[in-house]
Amino acid sequence: MLSVALRLTRARLFISKDNLLARKMASVTKREVSAPRYSDGAAHFDMGEHTLRIPMSHHAHNRQRLVQRLAELRATQAVKEGSVVLLQGGDELPRDATDCTWVFRQESFFHWLFGVLEPGWYGVVESDSGRTTLFCPRLPDAYAVVMGRIIPPHDFMKRYSVDRVFYVDELPKVLEDIKPSVLLTLVGVNSDSGLTTSAAQFAGIEKFSVDSSVLHTELSELRVTKSPIEIEIMKYAIETSSAAHCAVMKHVRPAQFGKLIRDGDMCLFDMGAEYYCYSADITCSFPANGKFSDDQRLVYNAVLAANQAVFEAVKPGVKWDDMHLLSYRVMLQKLKDGGLLRGDVDAMIDADIGAVFQPHGLGHLLGMDVHDSGGYLPHCPPRPSKAGFNKLRTVRPLLENMFLTIEPGCYFIDSLLDKALQDPVQQQFLVPEVLQRFRGFGGVRIEDDVLITSDGALNLTRVPRTVEEIEALMAEGRKETISFPQQLGKHRSQQ
Ligand SMILES: [Mn+2]
């Protein structure tokens, strides 16, 4: 399961009832496994036996955090009394011109507040009282023919543990009754993609006073530090992803798969599972044939040393760009020790040699989005301009209960090496005759998922990391006989 970033842009869909029915049919399997259950009286989400149960109180707790924060802002006049939070959830997107849809995944801010898994919903939180009202789409009768009983609002109320549920077409009337002083809607730019969130819209919104300047910063900031339940969900996604990585390492064989993976290749697998919209993001690098060559060991250990130095150094208050610098310093020293570089390491850093070998940021916030929100909020330090550092998705000082990836890497990219070899300042640090040997090497990245604690960090990634551990696991995997699809096909045709 490769980690794929789906960019969902909100589209207003005008769909016929037949079309809607076809779409519901297409996503029937997903709905059946992912619906929250409340047979035991308390609503919770799971994906069947032996999967993590998540109580809907998780979202009540998140809403409580938001209400508390809005109360603080009311005291400073930044938010008016009688303000009402209005969010619009995600919609299903059609796949090209077909009547199929992309598998629906809820918009992250909406999911964080409400836990609603279906498309086409709205949610309202009254900031003075915390009273929460959800609005579900009114499904056509035809839906029941294929999908079974249509869930009425009252049942959704129990399912999502909120105060009230109405139909979407009742939203204007319900809001008129609440009489908000102002509607707080969600407008903000994602600092990784540059895309802007779509504020909630409905026919008649022009009758209300709307403020879209507050919510994005506040919700993003709340999402940066994880609650105890969120930490449990993240652990679950990370442990599951770790097991998948170990399975790949055990079962990979060079010269299989149409020779895409050859003997002597270095493999780099960047994969993470998502559970209940929470992401893991783990990278393992290992030799395809199960044994590190001397050059592979050298580069791997340089990256591992950087990864470990950063892990040892992180704790609340530490600045993330200082960690990026630390990773460059450790890695460049090791490459110098290995004969690839020469000269003073600090001078190399001044000359941007770090970005020649690791042209990406050290790591990023992790949570509901694989590159989680909150990296560059108005109150945070701005993006640096120096090469390599400018790719950092945040330079915030670390906080307790943040999740981050630590993912230094070292790559031998022809275009970057050629450019550096021609640069009068950079070329003095490079040893061309040694670097030549590493052309076509590919790269090594070691990416761990860590939780910042009160005095350090916890690494929740459970995969072999040292050269010895990797070789041992891969040797163990080689004792197992595995059949590939091509071989299965051959057996069938021989019969
Ligand atoms: Mn990552």
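This is a predicted model: local features need pLDDT of at least 70, side-chain atom pairs count only at pLDDT 80 or more; totals for chains, interfaces and linings use all residues.
Residues are numbered from 1 along each chain as its sequence is written, and side-chain values use heavy atoms, with hydrogens and water left out.

Strand 13 is covered on both faces, with Phe403 and Thr405 on one side, Leu404 and Ile406 on the other, and all of them buried. Here buried means under 20% relative accessible area, exposed over 50% and partly exposed in between, using a 1.4 Å probe and protein chains only. Helices (H or I, at least four residues) and strands (E, at least two) are DSSP runs numbered from the N terminus.

A metal site comes next. Asp281 (OD), His364 (NE2), Glu407 (OE) and Glu447 (OE) coordinate the manganese ion at 2.0 to 2.3 Å. Donors are N, O and S atoms within 2.8 Å of the metal (3.2 Å for Na, K and Ca); water is not among the atoms, so sites may look incomplete. Along the chain, the donors of the manganese ion follow the spacing D-x82-H-x42-E-x39-E. Histidine 364 lies in the loop between helix 13 (354-357) and strand 13 (403-406), and glutamate 447 in the loop between strand 15 (443-445) and strand 16 (448-452), so this pair ties together parts 83 residues apart in sequence. Both histidine 364 and glutamate 447 are buried.

Elsewhere, 6 strands make up an open sheet of mixed pairing, in the order 6-5-4-3-7-8. Its edge strands, each pairing on one side only, are strand 6 (164-167) and strand 8 (210-211). Strand 7 (residues 182-184) runs parallel to strand 8 and is joined to it by 2 bridges, with leucine 183 standing opposite valine 210.

Cys246, Met249 and Lys250 in helix 9 meet residues of helix 16, among them Ile470, Leu473 and Met474. By class, this contact of helix 9 with helix 16 has 5 nonpolar, 1 polar and 3 charged residues, where Ala, Val, Leu, Ile, Met, Phe, Trp, Tyr, Cys and Pro count as nonpolar, Asp, Glu, Lys and Arg as charged, and the others, Gly among them, as polar.

Definitions and conventions. Two strands pair if DSSP finds at least two bridges between them. Contact means heavy atoms within 4.5 Å.
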